[in-house]
Amino acid sequence: GIGHPESFQRLMVKSGYSVVGTCWMKDHAAMTPSDVRRWMQERKRRGADAVVVTEKDAVKLREFKKLPQNLWYCPIRLEFLSSREEEIARRVIKARM
């Protein structure tokens, strides 16, 4: 579940991965063990090496007792392009606290 899943798919392709299928879920959607089983079945059917989720979704999956080894997540890193952008972000975060 991510607000703009197409951007996640583009990131995977831009990073050199082949995307052989997608399963878009609504942003903030709950995930169940049956979802993971379905993803793994589809992964196998399509001959994919892994299922990749966002780091945001990986956090939701932590509570499951056992996850497949070929369920991967893409880590998120925040990098500011300018000190001005960083200052704006700091102000927004401070205002929300």
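This is a predicted model: local features need pLDDT of at least 70, side-chain atom pairs count only at pLDDT 80 or more; totals for chains, interfaces and linings use all residues.
View 1. Lys60 counts as partly exposed, at 23% relative accessibility, whereas Asp57 is buried, with a relative accessible area of 3%.

View 2. Asp35 and Arg38 are joined by a salt bridge of 2.6 Å, N to O; Asp35 is buried at 11% relative accessibility, while Arg38 is partly exposed at 40%. Glu42 forms a salt bridge with Arg45, with the closest N and O atoms 2.7 Å apart, and here Glu42 is partly exposed at 30% relative accessible area and Arg45 exposed at 61%.

**View 3. The largest nonpolar core, seen around Leu71.** This core has 12 residues, among them Met25, Trp39, Phe64 and Leu71. Helix 2 (33-46), strand 1 (51-54) and helix 3 (55-61) are the elements that give two or more residues to the core, and helix 2 gives the most, with 3 residues. Leaving aside residues up to four places away in sequence, Leu71 touches Val36, Trp39, Met40, Val51, Val53 and Leu61.

**View 4. A nonpolar surface patch made by Tyr17, Val52 and Trp72.** The patch covers about 310 Å², and Tyr17 is placed in the loop between helix 1 (5-14) and helix 2.

Notes
Residues are numbered from 1 along each chain as its sequence is written. Side-chain values use heavy atoms; hydrogens and water are left out. A nonpolar core is a set of buried Ala, Val, Leu, Ile, Met, Phe, Trp, Tyr and Cys residues joined through side-chain atoms within 4.5 Å. Buried means under 20% relative accessible area, exposed over 50%, partly exposed in between (1.4 Å probe, protein chains only). Helices (H or I, at least four residues) and strands (E, at least two) are DSSP runs, numbered from the N terminus. Contact means heavy atoms within 4.5 Å. Patches are made of residues with over 30% relative accessible area and no salt bridge: like charges are joined within 9 Å, nonpolar side chains (Val, Leu, Ile, Met, Phe, Trp, Tyr) within 5 Å. Accessible areas come from the Shrake-Rupley method with a 1.4 Å probe; for residues, only the protein chains shown count as cover. A salt bridge is a side-chain nitrogen of Lys or Arg within 4 Å of a carboxyl oxygen of Asp or Glu.
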